Amino acid sequence: MGDDALARLLGTDRIERPIALFTYHPPTAQAGVPIGGWAREAAEATLAVCGTVIATHPGMDEGRDEILAALSALAAAEHRLFLVDALGRDYPAVLASVDVVVGNSSSGVIEAATLHRPAVDVGDRQRGRLRGDNVGHAEEGRAAVETAVRLALSPEGTARARAVVNPYGTGDASRGILDIVRRAGAAGRVKRFVDADPETSRRPMWR
């Protein structure tokens, strides 16, 4: 999408770059943490670097209401933050059009690499997941997130994103699986199978 198309999608006259796609889900593995505060700080950090932030609603996990309340209050005070319920079928096009992906969604860790977009993974929600060179990590807190977003948008960060190969593959998995299945019949078997006698197999095993 060009900037005009993005602006129409968001219902505004104009948008400013850099543009961030922001998604912050509840970090479900951590109990008793300030979820709403963390979400607001991450969004504020992104706004400190980017001209426009498109924030999608969090998932249906415990803590969703706190995140929505925090982001709604920030959006009411900051016209550059656009809080949207969901992008639906427009999501891939928007992801391909923004300058950076920020938050703790798996989209930043997985799909952003396919579209060569730099991403900042915030907190521990995606801990342990394989990630490409386009993904930087930030601990919770405004200062850490702001530093990571600036690095992601730096010449070095954008160069890494342009060169990244998605570690999750390039969309050819189904073709590879089908090729293996087709060749499986001709391959030798380690385990030997014996056809059962139909008459014997119908007899009860007990009396």
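Helix α2 lies across the strands β1, β2, β3 and β4, and it runs at about 170° to β1, where axes are lines fitted to C-alpha atoms, for helices over the stretch in contact, and angles run from 0 to 180 degrees between N-to-C directions. Helices (H or I, at least four residues) and strands (E, at least two) are DSSP runs, numbered from the N terminus. This is a predicted model, in which local features need pLDDT of at least 70 and side-chain atom pairs count only at pLDDT 80 or more, while totals for chains, interfaces and linings use all residues. Residues are numbered from 1 along each chain as its sequence is written, and side-chain values use heavy atoms, with hydrogens and water left out.

**The sheet**

- Six strands form an open sheet in the order β3-β2-β1-β4-β5-β6, with parallel pairing, and two strands are said to pair if DSSP finds at least two bridges between them.
- The edges are held by β3 and β6 (135-138), each of which has a single partner strand, so one side of each is left without a neighbour in the sheet.
- On average, neighbouring strands of this sheet are turned by 20° against each other, with direction ignored.
- The parallel strands β2 and β3 are joined by four bridges, and V53 stands opposite L81 in β3.

**Helix α2**

- With 15 residues, α2 reaches 22 Å from its first C-alpha to its last, which is close to the 21 Å expected at 1.5 Å a residue; the expected span is 1.5 Å times one less than the number of residues in the helix.
- The buried residues of α2 are I35, G36, W38, A39, A42, A43, A45, T46, L47 and V49, where buried means under 20% relative accessible area, exposed means over 50%, and partly exposed lies in between (1.4 Å probe, protein chains only).
- Those buried residues are covered by elements that include β1, β2, α3, β3 (81-84), β4 and α7.
- E44, which has its place in helix α2, touches L74 and R142 when residues up to four places away in sequence are not counted, and contact here means heavy atoms within 4.5 Å.
- Although E44 and L74 are 30 residues apart in sequence, they are 8.2 Å apart in space, C-alpha to C-alpha.

**The nonpolar cores**

- The largest nonpolar core has 27 residues, and those with the most contacts inside it are F22, Y24, V102, V120 and V145; such a core is a set of buried Ala, Val, Leu, Ile, Met, Phe, Trp, Tyr and Cys residues joined through side-chain atoms within 4.5 Å.
- Two or more residues of this core come from each of β1 (19-23), α2 (35-49), β2 (52-56), α3 (64-77), β4 (100-103), β5 (119-122) and α7 (142-152), and the largest share, eight residues, comes from α2.
- Leaving aside neighbours within four places in sequence, F22 is in contact with several residues, among them A39, A42, V53, L71 and V102.
- A second, separate core of 17 residues includes F82, V98, V101 and A112.

**Loops and backbone details**

- A cis peptide bond, with omega of about 0°, joins R17 and P18, and P18 has its place in the loop between α1 (3-10) and β1.
- H116, in the loop between α6 (111-114) and β5, has a positive phi of about 55° although it is not a glycine, and H116 counts as partly exposed because its relative accessibility is 32%.
- G185 lies in the loop between α9 (173-184) and α10 (198-201), and G185 counts as exposed because its relative accessibility is 61%.
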